[in-house]
Amino acid sequence: MTPDLNAIIANLIEDLAEIQESKQSQMGYRRAAHAVLLLEQPITALIEPGADLPVIPNVGPKSLRVIKDVLETGRSDTVEAAVDASGQRTAIDWRRARRINFLSRARVIEALEDPRLGGPRRADYLGDLQMHSDWSDGKTTVAAMAAACVERGYRYAAMTDHSHGLPSAHGLTRDDLNRQRAEIDEVNQTLGDRFCLLAGVEANIGLDGSLDLTAAELGAVDLVVAAAHAGLRVPGDQTRRMIAAVQTPGVHVLGHPRGRVRGNRHGIEADWDLVFEAAARANVAIEIDGDPARQDLDHAMARRAIDAGCVLALDSDAHAPMELGFADIALAHARLAGVPSDRILNCWPLGRLLDWLGRRG
Ligand SMILES: [Zn+2]
């Protein structure tokens, strides 16, 4: 595919935001970058032949100049000169290194629609396997999240609130998990055969790779996503930590494996091919988390996971019904990586998924 120009432009405008001295102009550039990142069409499709640059709400003349530069040369000498003049080249390069392989909204839509790409289509996506409710840090109830999934045409989903090792996200105790299970059972009764809500949990991976739930607690839920939320900026190799996590009996999915955040952190350093091999051996799925600021794994890493023999889970990590749409971003990465639907848990019929989870019979 051609370069993701909208992402390139948004990143350059963000660079300008970073070097502004006044809060106000910083905000202005951030809004402009965001507007470009969220455009539904590639910038080239918005320009009529022979016409001026398009009017984009929140994008002012200085940001338009960046767009013009990129359209003409693929880069922006204006931005590079401003960065050099600011004396902040090192800080900007640091941020740039943390914005690699994040897709713009337009590129996500292109990837979903491009018939040349293999991989899952929206219609193949039968359910989300990581989402949160107000039991932990989500914004709404279990029932509201389930209803939103039904509205999206899903056949199933897993409620995966945080476990107690993450107090900052109001993680659930064992008692909470039991009470939530009763609520999930009620939702399932109300919805009948057309939809199945699985009782899951997002267990926290400690610095030594151990989880914050006992074997009995892990065994009591239908689906365990294990994910790291600390030690994500620690320099040095964490291969052993991640291998220990995927080898823990009861774990089904390694959630947002790197723990990266756009423009902010790389996340965990590890020999990922070794981690993926260990996950494949342990039959643990590797997640593509579709949260726009995470996109973790990205398509390049997802390809490596597939080559190591892994299955994948494509999840929204939604904390509100609207955010279920983040699954599109995970789908786009899977399509760009050419992942066949057969290797994606969310594309399996419920019976096959339950068999794999060890939850049937
Ligand atoms: Zn998480």
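Q: Which residues hold the zinc ion?
A: The zinc ion is coordinated by Glu202 (OE), His229 (NE2) and His256 (NE2), at 2.0 to 2.2 Å, where donors are N, O and S atoms within 2.8 Å of the metal (3.2 Å for Na, K and Ca), and since water is not among the atoms, sites may look incomplete.

Q: Before we go on, what kind of model is this?
A: This is a predicted model, in which local features need pLDDT of at least 70 and side-chain atom pairs count only at pLDDT 80 or more, while totals for chains, interfaces and linings use all residues. Residues are numbered from 1 along each chain as its sequence is written, and side-chain values use heavy atoms, with hydrogens and water left out.

Q: Back to the zinc, what spacing do its donors follow along the chain?
A: The donors follow the spacing E-x26-H-x26-H. Glu202 sits in strand 3 (residues 196–205) and His256 in the loop between strand 5 (253–254) and helix 11 (272–282), so this pair, 54 residues apart, links distant parts of the chain; helices (H or I, at least four residues) and strands (E, at least two) are DSSP runs, numbered from the N terminus.

Q: And what are the domains?
A: The domain assignment gives domain 1 (5–96) and domain 2 (119–357), with bounds that come from an automatic or database domain assignment. Their C-alpha centres lie 34 Å apart, and the contact (heavy atoms within 4.5 Å) takes five residues from domain 1 and four residues from domain 2.

Q: How much area do they bury between them?
A: Domain 1 and domain 2 bury about 350 Å², 30% of it on carbon and sulfur atoms, buried area being the accessible area (1.4 Å probe) that two parts lose on being put together, summed over both. Glu14, Trp94 and Arg95 supply 75% of the area that domain 1 buries against domain 2, more than any other three residues.

Q: Which residue forms a salt bridge with Arg262?
A: That is Glu14, with the closest N and O atoms 2.8 Å apart; a salt bridge is a side-chain nitrogen of Lys or Arg within 4 Å of a carboxyl oxygen of Asp or Glu. The count between domain 1 and domain 2 is one salt bridge.

Q: Changing topic, where is the cis peptide bond?
A: The peptide bond from Asp296 to Leu297 is cis, with omega near 5 degrees, and Leu297 is found in the loop between strand 6 (285–289) and helix 12 (299–307).

Q: What about phi at Asn58 and Asn101?
A: Phi of Asn58 is near 75 degrees, and Asn101 has a positive phi of about 60 degrees. Most residues other than glycine have a negative phi.
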